[in-house]
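Visitor: I have a model open and would like to talk it through. Can you walk me through it, starting with the overall picture?

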Amino acid sequence: MNLVFSLAIAAIMGAGIYLVLSRNVMRIIFGVSLMSAGTNLLIFLAGGLQEIAPPVIEKGEEVLGTASANPLPQALILTAIVIGFSLVAFAAALALQVYRSDGTIDTREMTAAEDLGTPFTTGGATNG
Amino acid sequence: MLFVILLLICAGAALLARPVLLMGGRFGAPLLALAPLAAFVLLARQQPTIAAGEVILASYTWVPSLGVDFSFRLDGFSLLFSLLITGIGTLVTLYAGAYFAEKPRATAGRFLSLILLFMTAMLGTVLADNLVVMFLFWEATSLLSFLLVGFDSEKAEARKAALQALIVTGGGGLALFASILLIGLSLGTFSYTEVIARSDELVASPWLVPIIVLMLLGAFTKSAQVPFQFWLPNAMQAPTPASAYLHSATMVKLGVFLLARFDHVFATVPWFGATLVIVGSLTMLVASFEALRATGFKAVLAQSTVASLGILVMLIGLNGEVAVVATVGFLITHAFYKAALFFCAGNAIHATGEAHLGRLGGLARVLPFTALAAVLASFSMAGLPPFIGFISKEYLFEAQLSSGWNAIPVVIAVIVNSVMVGVAGIVSIRPFFLNRRRTPKVRHGETPGLLIGPLTLALGGIALGIVPNVVAVTLIGPAVLALTGIPVDVSFSLWHGVTPMLVLSGVVITMGVLLAVFWTPIHIRLRRRRILHGLFGDRFYDKVFNGTLNLASTSTRILQNGDQHRYTAVVMASVVVILGLGLLLAGNGAPISATGPLRISVLAVLVLAAVGAIATTLTRSLVGALVSVGIVGFASALIFLLNGAPDLALTQFAVETLLVVILTAVLLRLPVKREHTRLPRERRRDAILASLFAVFVFIGAASMSSAPPDMELSLFFGANSYLEAYGRNVVNVILVDFRAIDTLGEVAVVAFATLAAWALLRRRSTPTKPAKG
């Protein structure tokens, strides 16, 4: 089972990387979204997948039974899901605003910083 | 207390220099000169104690855990150096006050402040007993030299020379620091006093070779020895008072100081002395050759200073007590005449505005006292009797003849001293007495402030020559005692009878006079040889310097070309390379094996997720890509649900739905049709990168999941959730109880992201089109 999990995670991660390498801002955002989904699954896999009962302490018991899923990765992933969502939502808002002001979602055309000029205008280092 | 008072006097004067000059007017500089004078008197009063063979030690705790204390040591040698530093410092302060008389007082104040700070650093260097403390002061002198060389900061050459001096001496300083650390590693102490006491242990240390090599690097860069000699002539961009003080009388002698200090420690290492003799001799030759080619007044003096430093280094390398006496004697002699000559050069340049030696002439009519001082000082430099320089040169030859070396150093010394005689003639006779019709327009004559320095030093040179035993007994004897550890009978006198040394002196003076007479034709002929240009100059330094800058700008242009795709690709490629290296180096450390039963439902969902992810990369429309991203998200929610994580599934469903809604809303406002933003070539390369990354992720994830997870923390949470936090849902208890602060942070992130998104998206009354350019 763990090998199938690993394969799926690798596919999601690889697709995410490929998208992040794009110049289209929306594709980059999709890539980030995929990578965070892949990371969540990776953390999930790290906790072990032998037990599949929810980690809830039974009525009358005082400690978690040994037949429950690992609670620690779940707690970490819960945080990660929400953070990943915030990041992607904010990035999408940013992309929309950039499109409104610059009229493009292609990073090659976002040149406000480059238009300020370069420190190497003389075409080579000069001594002194 | 002595050391603290000394340093406080100098540092305090440095702090007060500007206000004193601003308020004191023309009395400002003399007032300030009282501070180095007081230090000089304070030091001179220690002379009887030191001459009796005592060593004054004092220590103040600083970082005891590292063995670094403010410990100081005053012995004969450091006393001699301190007296030179404060004595010439007094004269330089007076001189600089007059030199900057026409400049704004704030400028003069800044200059004097730097000079006095430099004096503090110099005193600290020669007085420090703890080698780390000495290094701190040593670096401070490099830094202040940078500020003083580049004092005319609006001149590009001055800035360049300042940077060069800093890079060369600062780089050497780092080597010295490494050497000091190795000494500390070998002996467990940084105290110089202990180092001499345990020198046999140091010589037996396995680090001996690196210690010596690094120390030599530090000393050779500071004292401008071959192949680092080029920075000193360039440093003549400094205002003349600084040149006289830093680059002839004091700072450049720090390397000599260090070598003399450690010569005794490394006495049993034969190649230490041999290296010094060879490097010193080479430096002497190169510098005297360059002196013949130099055109500027100060440049000629600078080259002769380099030659003198070479003589000192060579003398330290020679064995025998006579060599030590000769070293100390020449140190004093050189400080006297070279500082005086720099002062005279400064007067000539200051008065005429002309720094080119060939264009100066007949200045004796307008600068009579300067001419007198120049003649006296240059006679001492030429080694004529009855000046102190004569005695010093006799000792130089005696040290060479009595050492175990062959005749080559003697021949070199004869040549170099002849050039010195020639230089002496060229810098004193020619600009002041010959070429009368070349006399340039003189802007202003001599003032008392400009004369007191050169006259004191030049007359001091003749006084020391006439009664040499005074200085021999009071200063040179104790200094030699401090360096050799044994009392040496130092008797200086002008007349030794007809000795081999006297014969050599005669040869030197004859050759030197010939050189001075035929200076111009030799000079012109040497300058015409194009091949000589830059042979001993800073061409190599420039190559390294510009090469570094070009490398930086080229790599910046390649890596930071303004294309976001390139940035991400570089980052990803680095990650892939590091992951690959890590896997390669791990070898078979992480075996992969299948664990857990294969469940069809989970398998189906995982396949769905993988297909969705790959579809995202293949679809041409953004909406299609969004759908595929949604599939991956919902699939992972299902996986959570199927593996005992209902909380995660619930959250993932909610978030994914919200995300799809938001992204759809955004996409509705964007152009849907997607054009390729990457060339086919780029897409192929990216696909390879992504595939490699995926392969590494697979190997990593598979080997990670092959081993059983560490359950320690999970067991802790499982055992304590109910008993301590009274919650049965362990995941929730972890989030809101055990890691409550973390969750608070997460909530804050969501809140800030919402705020920021709202600020971005709210309608503005005016469109915000940023101005280009």
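Guide: In chain B, 78% of the contacts (heavy atoms within 4.5 Å) with a separation of 6 or more are between residues 24 or more positions apart. This is a predicted model, where local features need pLDDT of at least 70, side-chain atom pairs count only at pLDDT 80 or more, and totals for chains, interfaces and linings use all residues. Residues are numbered from 1 along each chain as its sequence is written, chains are lettered from A and ligands numbered from 1 in the order in which they are written, and side-chain values use heavy atoms, with hydrogens and water left out.

Visitor: How many helices and strands are there in chain B?

Guide: Chain B has 32 helices and two strands. Both are DSSP runs numbered from the N terminus: helices are H or I with at least four residues, strands E with at least two.

Visitor: Is chain B a compact globule or more spread out?

Guide: Chain B is more spread out than a compact globule, because its radius of gyration is 37 Å, well over the 28 Å that the globule rule gives for 773 residues. The radius is taken over C-alpha atoms, and the rule is 2.2 Å times the number of residues to the power 0.38. The C-alpha trace spans about 115 × 60 × 55 Å along its principal axes.

Visitor: What share of the residues in chain B is buried?

Guide: Buried residues are 53% of the 773 in chain B. Buried means under 20% relative accessible area, exposed over 50%, and partly exposed in between, with a 1.4 Å probe and protein chains only.

Visitor: Pick a helix pair. How do α6(B) and α10(B) pack?

Guide: The angle between α6(B) and α10(B), residues 208-222, is about 30 degrees, and their axes are 12 Å apart. Axes are lines fitted to C-alpha atoms, for helices over the stretch in contact, and angles run from 0 to 180 degrees between N-to-C directions. The two helices α6(B) and α10(B) are therefore roughly parallel; angles under 35 degrees count as that, over 145 as roughly antiparallel, 65 to 115 as roughly perpendicular and the rest as oblique.

Visitor: Which residues in α6(B) and α10(B) meet?

Guide: From α6(B), B:Trp138, B:Thr141 and B:Ser142 meet B:Gly218, B:Ala219 and B:Lys222 of α10(B).

Visitor: Is B:Thr141 buried or exposed?

Guide: B:Thr141 is buried, at a relative accessible area of 0%. Leaving out residues up to four places away in sequence, B:Thr141 touches B:Lys222 and several others, including B:Phe118, B:Met122 and B:Leu254.

Visitor: Last one: what does B:Ala613 touch?

Guide: Not counting residues up to four places away in sequence, B:Ala613 touches A:Ala11, A:Ile12, A:Ala15, A:Leu34 and B:Val632. B:Ala613 belongs to helix α26 (residues 600-618) of chain B and is buried, at 0% relative accessible area.
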